[in-house]
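Subject: Structure handover

Hello,

Here is the structure for you to look at. Please open it first, then read my notes below with the model beside you.

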Amino acid sequence: TEKTAGIHSAIPAPDGTVWFTEVNFGAIGHLDPKTKEIVEYRDTTPDGKNIGKHTVRVDAEGNVWSSGGPISKFDPKTKEFSHYNTPGTYGNEPDGKGNEWFTVFRNDGPIVRIDKDGQITKFTPPTKGKPQRLEFDSDGNVWFSERVGNKIGRIDVKTGEIKEFDLPGPAASPYAIGVDRN
């Protein structure tokens, strides 16, 4: 193509291939490094408009999830997209237990969990801090950054309780978050 695809996110799959988002085309791409072949899968509304794609992740069953416009799940076997009506999502991580987690990058945005049966649960942080990225600790708890809230937060997955932690400075603006082995 003559236009840039606007690749935002790329991640290796367990089979050694690579999945990536093409923000400008509302698509996900699949690269086979052995053959150098790229296959694109466009995701559009019934009237032909692109459905936004942002962060891509592959779950344990090989499904490809992307944040952005509504949450999308792509089944590589059937080549079909499923959608979950939660717009404005940004961060996206599988928890290894069949659940997919997303941040909604809005001032009052929740953290969203979609379980293996497609049920959506929303966890709303007390601070309207614009959740951006998330990670899991060794107990399976969800840690997330609050971009404009100057905090990081934790969801206890057993109780659903949310605890927030202030960061130093007047405008810490946390973006990505990582959890080390301790």
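Thr45 is partly exposed, because its relative accessible area is 27%. (Buried means under 20% relative accessible area, exposed means over 50%, and partly exposed is in between; the probe is 1.4 Å and only protein chains count.) Thr45 lies in the loop between β4 and β5. (Strands are DSSP runs of E with at least two residues, helices are runs of H or I with at least four, and both are numbered from the N terminus.) The side chains of Thr45 and Asp47 are joined by a polar contact of 2.3 Å. (A polar contact is a pair of N or O atoms within 3.5 Å; within protein, one must be able to donate a hydrogen and the other to accept it, and residues adjacent in sequence count only if both atoms are side-chain atoms.)

A word on the source. This is a predicted model, where local features need pLDDT of at least 70 and side-chain atom pairs count only at pLDDT 80 or more, while totals for chains, interfaces and linings use all residues. Residues are numbered from 1 along each chain as its sequence is written, and side-chain values use heavy atoms, with hydrogens and water left out.

Asp43 is also in the loop between β4 and β5 (53-58). Is Asp43 buried or exposed? Asp43 counts as buried, because its relative accessibility is 2%. Its side chain makes a polar contact of 2.8 Å with the side chain of His83.

Now the rings. A pair of aromatic rings is described by two things: the distance of the centres and the angle of the planes. (Rings of Phe, Tyr and Trp, the last by its six-membered ring, pair if their centres lie within 6.5 Å; planes under 30 degrees apart are stacked, over 60 edge-to-face, and the rest tilted.) How many aromatic pairs does the structure hold? It holds 11. Take Tyr41 and Phe74: their ring centres are 4.5 Å apart and their planes are at 40 degrees, so this pair is tilted. Tyr41 lies in strand β4 (residues 37-42) and Phe74 in strand β7 (residues 71-75), so the pair ties together parts that are 33 residues apart in sequence. Both Tyr41 and Phe74 are buried. Ring pairs also link Trp19, Tyr41, Phe74 and Phe81 into a cluster.

Some rings have a charge over them. (That means NZ of Lys or CZ of Arg is within 6 Å of the ring centre and within 35 degrees of the ring normal.) The charged end of Arg42 sits over the ring of Phe25, 4.5 Å from the ring centre. The charged end of Lys130 sits over the ring of Phe105, 4.6 Å from the ring centre.

Lys130 has another feature. Its phi is near 60 degrees, a positive value in a residue other than glycine. Lys130 lies in the loop between β12 (120-123) and β13 (131-136). At 24% relative accessibility, Lys130 counts as partly exposed. Lys79 is not a glycine either, and has a positive phi of about 65 degrees. Look for Lys79 in the loop between β7 and β8 (80-84). Lys79 is partly exposed, with a relative accessible area of 46%.

Next, the pockets. (On a 1 Å grid over the protein atoms alone, a pocket is an open set of points where a 1.4 Å probe fits, with protein on both sides within 12 Å along at least five of seven lines; lining residues have an atom within 4 Å of a point.) The largest pocket holds about 240 Å³ of space. It has 20 lining residues, and the closest to its centre are Asp59, Glu61, Trp65, Gly98 and Lys116. Glu61 is in the loop between β5 and β6 (64-68). At 62% relative accessibility, Glu61 counts as exposed.

The second largest pocket has a volume of about 150 Å³. (A volume is the space filled by probe spheres set on the grid points, which are joined across faces, edges and corners.) Among the residues that line the second largest pocket are Asp137, Trp143 and Asn182. Asn182 is in the segment after β16 (162-166). Asn182 counts as exposed, at 82% relative accessibility. The C-alpha atoms of Asn182 and Asp137 are separated by 8.8 Å, though these residues are 45 apart along the chain.

Best wishes
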